[in-house]
Amino acid sequence: MATLRLRRLPALSSSLALTRRTTPLHVRTYTALRSSSTPRQRSLLPSKHNTALAQFQQFSTSPTHYETIVKVPQMAESISEGTLSSFSKQVGDYVEQDEEIASIETDKIDVSVNAPEAGTIKEFLVSEGDTVTVGQDLAKIEPGEGSGGAKEAKEEPKEPASKDQPTSSDPEPKKEEKKDDSPPPAKKEEKAAPPKEEKKPAPPKEEKKASSGEQKVGIESPYGKGNRNENRVKMNRMRLRIAERLKQSQNTAASLTTFNEVDMTALMELRKKFKDEILKKTGVKLGFMGAFSKAAVLAMKDVPAANASIEGPGGGDTIVYRDYVDISVAVATPKGLVTPVLRNAESLESLVDIENGIAELGKKARDGKLSIEDMAGGTFTISNGGVFGSLYGTPIINLPQTAVLGLHAIKERPVAVNGKVEIRPMMYLALTYDHRLLDGREAVTFLVKIKEYIEDPAKMLLA
């Protein structure tokens with residue numbers, strides 16, 4: 001680079017009119033470029049000095065021009081890639097530090113991508129629907145201040161316009177511009193127009209995305225009038241993973257299901273008597289999941305194999321017995337079935353504690369805020385299909401677990417009680433178990449124990 005010597009000029013600010021010092025040339029020039037001098041002041045320099053400054057500025061790393069690369073964050077030890085489901089921001093938008101800019105869908109959870117620092121999004125390096133890996137570049141952010149600077153830039157063209165002509169908020173500025181021959185207002189309005197046009201192309205992108213995800217095939221019906229179109233939608237990662245796990249369970253476990261029915265009269269009366277008091281005191285809605293979870297934990301004391309699992313190579317060669325109980329609670333979400341885990345259920349003494357833990361997991365699942373830790377593990381599963389009206393069903397084992405308890409809808413039916421026919425609220429129970437580990441006698445005993453605890457909840461205090 002040519003040697004650059006700057007002399008003090010009266011019209012220049014003190015930050016640009018540098019004095020002679022021992023500081024290297026590139027540091028002194030960098031300081032000058034960062035100064036708040038105006039273009040008018042810089043024009044007072046000789047042309048050869050302006051050329052040198054322009055060359056240096058082209059290769060300098062000014063803080064106002066460097067970019068931050070947003071990368072795919074670490075998701076979990078077992079997850080290395082995912083699908084970029086959506087961008088929550090657009091190019092040109094300002095984001096705060098740690099504000100979410102994108103969401104990545106994995107086979108277990110959705111991972112949010114947050115801005116590492118505040119700034120303006122300059123470019124997206126991937127598209128929605130692309131497969132991304134941990135550490136991959138996603139977007140570029142130019143660090144800087146918030147939207148205040150953008151607002152000032154928009155307000156600057158309006159100040160001179162207010163002196164000579166009406167403001168842009170008036171409904172008739174276009175007619176006056178045609179009559180007036182003054183070019184400056186027209187130029188300023190042309191500069192203000194492009195930002196408005198940049199936001200309009202956004203909707204077509206969403207339409208393209210929708211068209212790529214769903215392929216509509218129109219077919220003329222040979223049977224007369226009627227619509228016989230088909231929509232083909234690609235399965236998301238979570239649905240693919242669920243399908244893989246369920247098929248693996250069917251192919252691995254020797255599944256067998258045993259049924260029983262339980263009289264819900266005593267438990268429903270207990271709930272009716274204390275639900276308002278518990279809700280007012282603790283804020284927890286007393287349901288039935290807590291009672292069935294407690295009953296299952298107590299029944300495992302008599303049948304510990306229901307809480308065990310088969311592990312090892314070649315389909316398993318080792319039985320693992322556990323002193324703790326981690327209950328997986330099946331929760332239906334818009335993206336598929338998830339099973340968050342209630343840890344150490346055996347240590348939760350009251351039904352209220354269990355209900356509170358299950359309610360928190362259910363809320364996190366429906367809000368899409370479950371973490372990998374919330375769903376890892378699990379030694380026994382409870383699935384309540386009765387909330388959707390299911391009367392009877394056979395749940396599928398969640399490997400490597402050994403059993404799953406299925407709850408169903410409560411229906412009033414005539415039953416024989418002490419030689420008399422009475423109308424009672426009845427529920428069918430289903431226990432699907434792995435016959436490789438649980439024999440029929442143990443499985444039936446386990447389910448009968450649960451039935452006894454539910455029909456007489458006082459027994460749970462004595463167990």
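In helix 14, the buried residues are Ala-443, Phe-446, Leu-447, Ile-450, Lys-451, Tyr-453 and Ile-454. The model is a predicted one. An α-helix has 3.6 residues a turn, so residues three or four places apart point the same way. Helix 14 covers residues 440-455. Its 16 residues should span 22 Å at 1.5 Å a residue, and the end C-alpha atoms lie 23 Å apart, which agrees.

With strand 18 (residues 380-384), strand 19 pairs in the parallel sense. Four bridges make up this pairing. One of the residues involved is Asn-384, whose bridge partner in strand 19 is Leu-407. With strand 20 (residues 420-434), strand 19 runs antiparallel, and 13 bridges join the two. Here Ile-410 stands opposite Met-427 of strand 20. Strands 19 and 20 form a hairpin, with two residues between them. In the turn, Asn-418 has a positive phi of about 55°. Strands of a sheet pair through backbone hydrogen bonds, either parallel or antiparallel.

The side chains of Glu-422 and Arg-424 meet in a salt bridge, at 2.8 Å from N to O. Asp-263 is linked with Glu-422 and Arg-424 in a network of salt bridges. Glu-422 counts as partly exposed, because its relative accessibility is 28%. Arg-424 has a relative accessibility of 18% and therefore counts as buried; the cut-off for buried is under 20%.

Four strands take part, in the order 1-8-6-3, and the pairing is antiparallel. Strand 1 (68-71) and strand 3 (94-95) stand at the edges. Each has a single partner strand, so one side of each is left without a neighbour in the sheet. Strand 3 is joined to strand 6 (residues 119-124) by two bridges, and these strands run antiparallel. Val-95 has Gly-119 of strand 6 as its bridge partner. In a regular strand the side chains alternate between the two faces of the sheet.

The structure holds 17 salt bridges. In one of them, Asp-137 pairs with Lys-71, and the closest N and O atoms are 2.5 Å apart. This pair links distant parts of the chain: Asp-137 is in strand 8 (residues 137-143), Lys-71 is in strand 1, and 66 residues separate them. Asp-137 counts as partly exposed because its relative accessibility is 31%. Lys-71, at 45% relative accessibility, also counts as partly exposed.

Lys-140 forms a salt bridge with Glu-123, with the closest N and O atoms 3.7 Å apart.

Methods:
Residues numbered from 1 in each chain as written. Predicted model: local features only at pLDDT ≥ 70, side-chain atom pairs only at ≥ 80, totals over all residues. Heavy atoms only, no water. Pairing = 2+ DSSP bridges. Expected span 1.5 Å × (residues − 1). Buried < 20%, exposed > 50% of the residue type's maximum accessible area, 1.4 Å probe, protein only. Salt bridge = Lys/Arg side-chain N within 4 Å of Asp/Glu carboxyl O.
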